[in-house]
Structures are given as C-alpha cells and as structure tokens.
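Subject: Structure handover

Hello,

Here is the structure for you to look over. My notes follow below it.

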Amino acid sequence: MKKTTVTGLEEKWEVFLVYIINLLGFIFAFMKYDYLSKNIKFQYRQAGTIWLVNVIFTIVKTILAYTINIGFISYIFSILSFVLWIFAIITIVKAFSNETYEIPVIADLSKKIFGEE
C-alpha cells in the first residue's frame with residue numbers, strides 16, 4: 001500500500017485527525033515529503049490556517065477584553081471560532097465521502113500563507 005499521509009493513516013482519517021487537532025495540521029503543513037498527495041497537503045494547510053486564525057482570535061480577544069473591557073467582543077470572537085469549528089466538521093464529513101472542501105476565506109488565506117498556487 002502506498003503511503004500518502006505523514007502518519008500512514010488513510011487520508012480520510014488523517015483529515016479527521018488534523019481538523020480535530022489543528023496544531024498537527026499546522027506542523028504537517030511544513031513537511032516537504034514527495035509521497036504526500038496534493039489533497040492531503042491542502043488539508044494540512046487549511047487545518048493549520050484554522051489553528052493560526054484561532055490563535056490570532058484568542059490573542060486579539062484577550063487584548064481587547066482587558067484593554068477596552070467590552071464584553072461583546074469576546075462573544076464575537078467566540079462565535080467566529082465556533083463557525084470555524086462547524087466548517088471543520090463539514091470538511092471532515094466531505095473527506096469521508098472522498099471530496100475536498102475549501103472553507104471560504106480560510107482556503108484562500110492558507111494559499112497565501114503557505115505559498116500555494
């Protein structure tokens with residue numbers, strides 16, 4: 001069997017893993033292995049971008065909550081993080097039916113961050 005993922009799992013299980021633990025997607029996105037399929041590289045980058053966006057949301061939310069002390073800002077960033085989580089679940093479901101799903105905005109952002117075409 002040809003290995004197409006970093007851990008050796010089937011692609012659908014690897015996609016599940018990197019979207020549940022987004023940090024793994026961020027780490028795996030920087031691996032330059034030839035045997036990785038184009039789809040799994042895209043999934044790593046998209047999951048890594050979700051992790052990065054959530055980290056930025058957390059930092060901004062913390063800074064704004066303690067400096068400006070406006071409570072609803074925290075709720076807005078929490079809702080945005082929840083929306084990203086919903087999109088990650090949609091992507092996992094699509095992966096189990098052998099489809100690639102590009103999360104709006106996140107897919108474009110990941111292409112810019114990781115220098116993909």
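Which residues does Ala-88 touch, not counting residues up to four places away in sequence? They are Tyr-19, Ile-50 and Ile-103. Touching, or contact, means heavy atoms within 4.5 Å.

First, the ground rules. This is a predicted model, in which local features need pLDDT of at least 70 and side-chain atom pairs count only at pLDDT 80 or more, while totals for chains, interfaces and linings use all residues. Residues are numbered from 1 along each chain as its sequence is written, and side-chain values use heavy atoms, with hydrogens and water left out.

Ala-88
Ala-88 sits in helix 4. Helices here are DSSP runs (H or I, at least four residues), numbered from the N terminus. Ala-88 has 2% relative accessibility and counts as buried. The cut-offs are under 20% relative accessible area for buried, over 50% for exposed, and partly exposed in between (1.4 Å probe, protein chains only). Ala-88 is also 8.1 Å from Ile-20, C-alpha to C-alpha. In sequence, 68 residues separate the pair.

Helix 1
Helix 1 spans residues 11-20. Its buried residues are Glu-14, Val-15, Val-18 and Tyr-19. Why are they on the same side of helix 1? Because they cover an arc of only 125 degrees around the axis. That arc is taken from the directions from the helix axis to the C-beta atoms.

Gln-43
Gln-43 belongs to helix 3 (residues 38-67). With 1% relative accessibility, Gln-43 is buried. Its side chain makes a polar contact with the side chain of Tyr-19, at 2.7 Å. A polar contact is a pair of N or O atoms within 3.5 Å; within protein, one must be able to donate a hydrogen and the other to accept it, and residues adjacent in sequence count only if both atoms are side-chain atoms. Neighbours within four places in sequence aside, Gln-43 is in contact with Val-15, Val-18, Tyr-19, Thr-91, Thr-100 and Tyr-101.

Backbone points to check
Most residues other than glycine have a negative phi. Asn-98 is not a glycine, yet has a positive phi of about 60 degrees. Val-105, also not a glycine, has a positive phi of about 70 degrees. Asn-98 is in the loop between helix 4 (71-96) and helix 5 (106-114). Val-105 lies in the loop between helix 4 and helix 5. Buried or exposed? Asn-98 is exposed, with a relative accessible area of 72%. Val-105 counts as exposed at 63% relative accessibility.

Best regards

Methods. Helices (H or I, at least four residues) and strands (E, at least two) are DSSP runs, numbered from the N terminus.
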